[in-house]
Amino acid sequence: MTNRITSLVGLAIVTAVVAIIPFVAPNSFYLDLAIRTGINAVVVLGLNLLIGFAGQISLGHAGFIGLGAFASAVLPTHFGWHPLAAMAAGSLAAGALAAVVARPIFRLRGHYLAMATLGLGIIVNIVLRNEAQWTGGPDGMPVPAMTLFGIDVVSDRQWYWIVGALLLVSIWASLNLIDSPFGRAMRALHGSEVAARVVGVDVTRYKVAVFVMSAMFAGLMGSVTAHYVGFVSPALADFGHSVELLTMVVVGGMASVFGSVVGAVLLTALPQLLATLEGWETVAYGAVLVLCMIFLPKGLVPTLAARFERRRR
Amino acid sequence: MLAQLLQFSFSGLTVGATYALAALGFTLIYNASHVINFAQGEFIMIGGMLAVFLVGLGVPLPFAIVLAVAVAALVGVLMEKLAIEPVGRGDTLALVIVTIGVSLVLRGAVQVWLGKGSHALPSFSGDAPILIGGAALMPQSLWVLATSAAVVVALAWFFERTLAGKAMLATAINRTAAELVGIDTDRVLRVSFALSAALGALGGILITPITLTSFDVGIMLGLKGFAAAVVGGLGSGLGAIVGGLLVGLIEAFCAGWLSSSYKDAVPFVLILFILFFLPSGLFGPKTTERV
Amino acid sequence: MSLLEVVSLSKEFGGLKAVQDVGFAVEAGVVHSVIGPNGAGKTTLFNLITGVYTPTQGEIRLDGVDVAGRRPDQLAALGVARTFQNLQICMNMDACENVMVGAHLRLDRNVIRAALRWPGLVRRDRELREEAEALMAFVGLGDHVHARADGLSYGILKRLEIARALAARPRILFLDEPAAGLNPRETIEVGELVRRIAADGVTVVLVEHDMKMVMSLSDRILVMDYGRKLVEGTPDEVRRHPDVVAAYLGKHA
């Protein structure tokens, strides 16, 4: 129960921060940064369910983001779909692709998912780059505006509140999920797969379910990114982007909901600080990953939480 | 038709040999530590870039090659010492993440140091093609194939005839047992990193006269080498060689007959295909379930 | 009809015959022990019956239905539960959660209702937590309800596994060396615990090296050697059997 209270306090803090930012952000640059942080945070939450809680690594999540983003660009532009329908289709397509790949992979033991998702992400990227008549090729393409109830959603403020709401709901839902029969089964198969199996957990089904869920999260947020930016390019589906997301999970803390948020905040802001130093950005990212694994293997939030708890005793 | 077949085979085997060297690098490290080293591609890049840089300084090509390979090997050892060892054994996931981190550091550092441009290296012995059955074989391709073959023979000798090689094999089969008979498995791991970095760098140098190099070639080359290792069966030396050549050949034929823009997708489609239908690869060990 | 009936069960690992042509029957409500020297195939037998391994040959009948080759999670649904010789505790969860996961099949496992904190699901989960705490008290871990699993000692974790297995409300419980590595006092406590579990009507199949415990608890004993069934009978019959004496004292008959 104390866990539940800590979680609710955390959620309250994030809510307060989300509510305050638009009023204290000095200019649109910071609002933009906040929106992109929020988008990353939702994807990282989903990815952390998979990596941190269920113990399965994906190196291709950018591929799912790309799928969602391009669904929102291609379907309304070429086929006249409503943006909301396109968004749903993108998320479902990401989930379906994940399910198709996951079924055979999860029958194997070991980190085969890492290899399969790596391949999958790169294939998605190559397809997006090559099908220029549909996707604009390497240059990308513009995305029609999202309309909700007849209103065009175009301003940064509108998107800020949408992303903020999505983030809070995602945090709440993740916290609930972890502390439920489904969530315990998911964590148990990470802790001891054979123990989970003998108490009745169909581990393959659970792994597939978590993977599909996190792919759908990524697809949905890809679509949100597309509408918010108003433009998509295949770079969204780069292997490098998958690695960035993985870094956020690792730095913030595997198996930590609030760690996901912290990781997204830190690593979305970091490149902004380093943007003037071309190349060093990559070095810094890599160094953060390595140093984190050496000195903070559990990630920032769980390490700090453990230290805090020790002091309280 | 025959000429075309030959032509595609030449180019496929040439890049395939590079993939095979990279795949051998993956295999060496995987066997010593069960880590998939995602920085393998950066060794390929470092080899090519360093050779270009040294030749630009006026160093004669043979010395530049030796020096570039040696520096890459040193980078490999440093990587093991500074990044892999501190994380410790056990947590494979953490180790995989560390290798991704190292690859970013290396790629970024080379970008800062040598810039974003593409660079070429002169062919080792001229550009006059040798005509065989109507197909043109570049002398550089012969260099690639002959050097790779020589490396494979040397490796085979190393593993079968030297104590160090046998120690590495023993570690791959059972690390605890190897430690019990007095093998320093940390040293085995360092040697594995040095060797696989050297292999990658050599491949990177050999291929540069044909395909150019730049700070970011390591991502694709490394991933393709990885695909080759998976196709051959992770952990199998023979598998790495066959997998590399196979990936190179299929890629070349796909580029020639189907679509050159999709040739880069070939290794990754192969990865998925192998994982779905042949999870231990062509030559990989069949693992038995254990609780 | 016996609750569990094993008929000419065999398992080979690449030529190595770990279990050969073993057959025995376990009646409902008894404590049935499996003993034998190390490497006799006891744990392999457990792994076969609980679905962790797939048999090479033979039948495993539960209530007369052949269940050989079914997955562990499918067998759990039929009332099979077990513990492990080498601990299989989820160190990423706290002690109580480890027990709660044992009740997996009795719960609402829907993912959407879980994410939405569905009232019925939450209420059931709260009841389950109380149930799990009671189970922990039953196995003697009442003081460790709020502990993290990775901070507990070996002896405590062994009993935590028993509590997890009981949370499934099994009909037949397989205990794989529950007293291994415990000190004499803990061993006596575990023996007492097994007696209480059996008294609650759970059929217990026990692999154990502590002969005092086996002889005092068991209704029947199966003796294995080199993957084969050596003898089966009551403790008295087994104790007196010349083959058993030979196997244990190393004499050749």
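What percentage of the 313 residues in chain A is buried? Buried residues make up 57% of chain A, where a residue counts as buried if 20 or more other C-beta atoms lie within 10 Å of its own, as exposed if 12 or fewer do, and as partly exposed in between, with C-beta atoms placed from the backbone. This is a predicted model, in which local features need pLDDT of at least 70 and side-chain atom pairs count only at pLDDT 80 or more, while totals for chains, interfaces and linings use all residues. Residues are numbered from 1 along each chain as its sequence is written, and chains are lettered from A and ligands numbered from 1 in the order in which they are written.

**Chain A overall**

- Chain A contains 14 helices and four strands; helices (H or I, at least four residues) and strands (E, at least two) are DSSP runs, numbered from the N terminus.
- The C-alpha trace of chain A spans about 55 × 50 × 45 Å along its principal axes.
- Of the contacts in chain A with a separation of 6 or more, 77% are between residues 24 or more positions apart; two residues are in contact if their C-beta atoms, placed from the backbone, lie within 7 Å.

**Contact between chains A and B**

- Chain A gives 33 residues to this contact and chain B gives 35 residues.
- On the side of chain A that touches chain B, the elements that give two or more residues are helix H4 (83-105), helix H5 (112-130), helix H11 (239-252) and helix H13 (280-295) of chain A.
- H13(A) provides the largest share of that side, 11 residues.
- By class, the side of chain A that touches chain B has 26 nonpolar, six polar and one charged residues; Ala, Val, Leu, Ile, Met, Phe, Trp, Tyr, Cys and Pro count as nonpolar, Asp, Glu, Lys and Arg as charged, and the others, Gly among them, as polar.

**Helix H6 of chain B**

- In helix H6 (residues 163-173) of chain B, the buried residues are Ala167(B), Met168(B), Thr171(B) and Ala172(B).
- Seen down the axis of H6(B), these buried residues fall within an arc of 140°, so they line one face of the helix; the arc is that of the directions from the helix axis to the C-beta atoms.
- Leu163(B) and Ile173(B), on the other side of H6(B), are exposed.
- The buried residues of H6(B) pack against helix H1 (2-33), helix H5 (139-161), helix H7 (175-180) and helix H8 (185-211) of chain B.

**Chain C overall**

- Chain C has 10 helices and 10 strands, and 47% of its 253 residues count as buried.
- The C-alpha atoms of chain C fill a box of roughly 65 × 40 × 35 Å, taken along the principal axes.

**Strands of chain C**

- Six strands of chain C form an open sheet of mixed pairing in the order E6-E7-E8-E3-E9-E10; two strands pair if DSSP finds at least two bridges between them.
- The edge strands of this sheet are E6 and strand E10 (228-233) of chain C, each of which pairs on one side only.
- E6(C) pairs in the parallel sense with strand E7 (residues 172-176) of chain C over three bridges, and Leu173(C) in E7(C) is the bridge partner of Ala81(C).
- Strand E1 (residues 4-13) and strand E4 (residues 57-62) of chain C pair in the antiparallel sense over five bridges, and Leu4(C) stands opposite Leu62(C) in E4(C).
- Two bridges join E4(C) to strand E5 (residues 65-66) of chain C, and these strands run antiparallel; Arg61(C) stands opposite Asp66(C) in E5(C).
- E4(C) and E5(C) form a hairpin with two residues between them, and Asp63(C) in the turn has a positive phi of about 55°.

**Contact between chains C and A**

- Chain C gives 32 residues to this contact and chain A gives 24 residues.
- The largest share of the side of chain C that touches chain A, four residues, comes from H2(C).
- The residues of that side divide into 19 nonpolar, five polar and eight charged.
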